[in-house]
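Dear colleague,

I am passing on the structure we spoke about, and below it you will find a description of what was found when it was examined. Please read it with the structure open beside you.

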4 protein chains.
Amino acid sequence: MDAMADGMTDAAPIVWEHESTLRVRYSETDQMGTFYNSRALEWFECGRTELLRAMGLPYTEIEARGIFLPLVESHVEYLGRARYDDPLQLTTRLRMSGRARARMEVEIINAQTGKPVVRGYTVHVFLDRAGKPVRPPEWFTKRVTPTGQPE
Amino acid sequence: MDAMADGMTDAAPIVWEHESTLRVRYSETDQMGTFYNSRALEWFECGRTELLRAMGLPYTEIEARGIFLPLVESHVEYLGRARYDDPLQLTTRLRMSGRARARMEVEIINAQTGKPVVRGYTVHVFLDRAGKPVRPPEWFTKRVTPTGQPE
Amino acid sequence: MDAMADGMTDAAPIVWEHESTLRVRYSETDQMGTFYNSRALEWFECGRTELLRAMGLPYTEIEARGIFLPLVESHVEYLGRARYDDPLQLTTRLRMSGRARARMEVEIINAQTGKPVVRGYTVHVFLDRAGKPVRPPEWFTKRVTPTGQPE
Amino acid sequence: MDAMADGMTDAAPIVWEHESTLRVRYSETDQMGTFYNSRALEWFECGRTELLRAMGLPYTEIEARGIFLPLVESHVEYLGRARYDDPLQLTTRLRMSGRARARMEVEIINAQTGKPVVRGYTVHVFLDRAGKPVRPPEWFTKRVTPTGQPE
């Protein structure tokens, strides 16, 4: 299926890309013997956290500066099994979607076999402390312009 | 936005609809003061569980008969806040999507204020005990044909 | 084993007792086919929430009045299996432990079979908004004195 | 308080000790702004998993050999706050408790400040595939005898 057509990506350029790893916890399995479906969104969070840290803007610092990035949308495609203790490799990509949304696309594969596990994305708005939508502040956008990206 | 265009529904008819309720647990909140995003998928599960029970086919019985309904896709739109102990009302709708997929659409509102909280869907395949995709068995499909629905 | 000796109860009188029910969610199972161990503490929370509501002091109201009841200790004994969708019956008992601690003891049984699932307790301190330990306020203690208990 | 008296340790010798680290996930926080209480038990699992791997007996292999180690008891003392993204250091110690129980004691501190976060323990029985309690198999016990420990 065409990736553009199925909504997994959008036309905005990728402004940052980051790889991270984690292992499936026993608490994340269910009685079907693989991970419970909602855990994928928790792993997406791990990918986002590490991407933002790699960008030099840890999410703790973003919140400390008074900006919050709650989700307005999430999408997950379940592509394969992952069992307890399986090592997973996450590739997280950030796009700025329109003027005031950040979109994080995540692909997770089994780090040993290379087999796909899940892929999907989350869309985030920028809110101030009062919960009001705002434009991404300059200290954020200057990190995500093409020249902000390290070689 | 056109509901058809945004993928929240598909053209297949609704074969069952069910309402259920739950309250937000403290464990489901996060430091932003509302529910953590992945909890929506756990609530969707609660909606599915109660819809299947209402259909006369509790999911425990479906698994006991050797059929499993893992997710292949999930989608959530976050529409409003829900805080600890807020009463939520879930409307879950089942569509058969193509020949071998069940699609569960869920809308969650605050049961007191009527304000929307989340909406989304999950898509499920039918697997046998060996993990092989199968057609929905007759004991399932006869429940979800129009005549199977109670008045 | 002597209940007093094993720490499951203490000498303070029970000031409130409440029964509630819930069903095991699929998300709460793990690959061993029963509930994952940490879920017991989430169920204890459900029991506390319903006990406090029954007392006329929903925990939302307690926090709204500026009092927080974080845990300082938890203890769980795992007594039997509970599977997806099993109906559970919780009995929650509140004791005031010393002058400034609330102790919630919980027993969970399978509501159909009567078989024990878990029992345990949590110990809570009273904190103000600044996170400073405080004595239980009068509006709390007057609910939990013997005469406050309804017949 | 005397550690022996309060049940945090028992008289059996420590047969293995392991340190590991993790970071607090956003999904693990709650609206009080620190981690939700049940997450401590999920972190204890992370500590156990890494201790068993360091012993040369990953828990996946233990289950593959037909031995399961479910909890019969857990205990947690909450000693301090841990916020989103805080780095935690876990020290996990294994004792054989009586002939057929493994006891895992865990201490978690903030890896940056050194401040205590939680401490506690879990007690595990050895079950075979049929769910019947068994003695620890020789391939397990030979790892945990004093001579089995590497220098």
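**What was found**

In chain B, 100% of the interface residues are also interface residues in chain A, so the copies meet through the same surface. Please keep in mind throughout that this is a predicted model.

Chain B can be laid on chain A by a turn of 180 degrees with a shift of 0.0 Å along the axis, and the RMSD is then 0.0 Å. That is the relation of a two-fold axis. The residue of chain B that comes closest to this rotation axis is His75(B), whose C-alpha lies at 2.2 Å.

Chain A can likewise be laid on chain C, with an RMSD of 0.0 Å, by a turn of 180 degrees and a shift of 0.0 Å along the axis. The contact between them takes 9 residues from chain A and 9 residues from chain C, and on the side of chain A these are 3 nonpolar, 5 polar and 1 charged residues. Here too, 100% of the interface residues of chain A are also interface residues in chain C, so the copies meet through the same surface.

In chain C, helix H1 covers residues 39–55 and reaches 25 Å from its first C-alpha to its last, which is close to the 24 Å expected. H1(C) is mostly covered, since 13 of its 17 residues are buried, and Gly56(C), which follows the helix, has a positive phi near 90 degrees.

Strand E3 (residues 87–97) and E4(A) run antiparallel and are joined by 10 bridges, with Leu88(A) having Asn110(A) as its bridge partner in E4(A). The hairpin of E3(A) and E4(A) has 3 residues between the strands, and Gly98(A) takes a positive phi near 70 degrees there. E4(A) itself, residues 101–110, is mostly covered, with 7 of its 10 residues buried. E4(A) also pairs with strand E5 (residues 116–125) in the antiparallel sense, over 9 bridges, and Glu105(A) stands opposite Tyr121(A) in E5(A). These two strands, E4(A) and E5(A), form a hairpin with 5 residues between them, where Gly114(A) in the turn has a positive phi of about 80 degrees.

With best wishes

Notes
Residues numbered from 1 in each chain as written. Chains lettered and ligands numbered in written order. Predicted model: local features only at pLDDT ≥ 70, side-chain atom pairs only at ≥ 80, totals over all residues. Least-squares fit on C-alpha atoms with pLDDT ≥ 70 in both. Contact = placed C-beta atoms within 7 Å. Nonpolar A, V, L, I, M, F, W, Y, C, P; charged D, E, K, R; others polar. Helix = DSSP H or I, 4+ residues; strand = E, 2+ residues; numbered from the N terminus. Expected span 1.5 Å × (residues − 1). Buried ≥ 20, exposed ≤ 12 C-beta atoms within 10 Å, placed from the backbone. Pairing = 2+ DSSP bridges.
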